[in-house]
Amino acid sequence: MAAISRAIRYCAAASRRSVAASSKEVPADVARTAAVVAAARCGPERDREGGRRVQWVFLGCPGVGKGTYASRLSRMLSVPHIATGDLVRDALASPGPFSKQLAEIVNHGKLVSDEVIINLLSKRLEEGEEKGELGFILDGFPRTIRQAEILEGVTDIDLVINLKLREEALLAKCLGRRMCSQCGGNFNVASIDIEGENGGPRMYMPPLLPPPQCESKLITRPDDTEEVVKERLRVYHDLSEPVEEFYRARGKLLEFNLPGGLPESWPKLLQALNLEDPGKERSAAV
């Protein structure tokens with residue numbers, strides 16, 4: 001994955017220069033990079049230890065649950081779950097002027113620039129390569145057409161899972177999110193019960209409440225206000241939805257409408273992915 005990381009950085013820089021470029025000849029260093037990246041692709045379905053080598057992407061509006069489902073699949077398939085939102089939050093927690101500049105962007109519901117995301121992701125892939133990681137499940141990248149084109153140019157994504165949820169449920173979920181300031185656990189205090197559309201079944205999503213030891217330590221993320229959440233959804237629709245069409249045109253997009261909370265949605269998602277439902281994961285979902 002170090003090759004992928006280097007290629008992401010190279011292609012990001014090259015894409016900024018592509019308008020001025022006129023020669024169609026492929027430079028030797030680009031050809032070498034492409035060859036190395038090709039060798040780093042998925043390979044066999046399973047490695048020696050039984051884990052699957054997958055390169056998947058999760059798409060979906062902020063708050064839809066990409067991290068929840070991606071992390072469960074990560075455990076099932078023994079591949080790392082790489083969430084760019086977590087990478088940004090780690091950067092925000094670091095001291096220095098960069099974290100302050102980043103906070104101004106995030107707290108106003110704006111998208112972090114491609115350059116920042118690409119640098120954070122490249123660093124994470126390099127760290128993973130040093131630990132011997134194979135494959136990945138990306139959560140939060142790509143979010144723009146430019147990011148999708150960069151990723152497409154350096155590695156072969158197997159599958160893109162696009163999670164969908166009604167906007168009123170999304171808003172309620174985002175406003176109900178809480179995090180434990182001590183253990184870092186994520187919870188949700190919202191109890192969502194919405195009438196079905198066009199005579200369909202009601203949508204019920206129970207709260208995900210913290211254990212007693214975390215109840216007094218819950219905090220709300222500074223960007224989980226109604227104004228900021230609505231702005232984030234607007235930005236997503238404007239800039240990120242075209243990414244869905246990018247992968248749809250390539251036959252890699254799996255659209256999945258969440259029917260409710262984890263107990264209802266998890267087994268149906270596994271069925272859509274043609275994966276078996278291990279008892280331990282089913283229990284964890286409930």
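How many bridges join β1 to strand β3, and in which sense do the two run? I found four bridges between β1 and β3 (residues 136-139), and the two strands run parallel.

**Entry 1: what I am looking at.** This is a predicted model, in which local features need pLDDT of at least 70 and side-chain atom pairs count only at pLDDT 80 or more, while totals for chains, interfaces and linings use all residues. Residues are numbered from 1 along each chain as its sequence is written, and side-chain values use heavy atoms, with hydrogens and water left out.

**Entry 2: confidence.** I looked up pLDDT, the predictor's confidence in each residue on a scale from 0 to 100, and its mean for the protein chain is 78, with 79% of residues at 70 or more. Over residues 18-51 the pLDDT stays under 50, and the model has 29 contacts beyond four places in sequence for this stretch, a contact being heavy atoms within 4.5 Å. Residues 281-286 also have pLDDT below 50, with twelve contacts beyond near neighbours in sequence. Where pLDDT is low, the predicted coordinates should not be read in detail.

**Entry 3: strand β1.** I checked β1 (residues 55-59) for burial and found that five of its five residues are buried, where buried means under 20% relative accessible area, exposed over 50% and partly exposed in between, with a 1.4 Å probe and protein chains only. Gln55, Val57 and Leu59 lie on one side and Trp56 and Phe58 on the other, so that both faces are covered. Strands count as paired if DSSP finds at least two bridges between them.

**Entry 4: the open sheet.** I traced three strands in the order β6-β5-β9, with antiparallel pairing. Because β6 (186-188) and β9 (218-219) are at the edges, each with a single partner strand, one side of each has no neighbour in the sheet. Two bridges link β5 (residues 177-180) and β9, and cysteine 180 is opposite leucine 218 in β9. Helix α8 (residues 167-176) lies across β5 and β6 and runs at about 25 degrees to β5; axes are lines fitted to C-alpha atoms, for helices over the stretch in contact, and angles run from 0 to 180 degrees between N-to-C directions.

**Entry 5: the α6 and α7 pair.** I found α6 (residues 114-130) packed against α7 (residues 145-154) at about 35 degrees, with axes 11 Å apart. On the α6 side, Asp114, Glu115, Ile117 and Ile118 meet Arg146, Gln147 and Ile150 of α7. By class, this contact has three nonpolar, one polar and three charged residues.

**Entry 6: glutamate 215.** Is glutamate 215 buried or exposed? Its relative accessibility is 52%, so glutamate 215 counts as exposed. I located glutamate 215 in the loop between β8 (203-205) and β9. Glutamate 215 is 36 residues from methionine 179 in sequence, and their C-alpha atoms are 9.8 Å apart in space.

Note on methods
Nonpolar A, V, L, I, M, F, W, Y, C, P; charged D, E, K, R; others polar.
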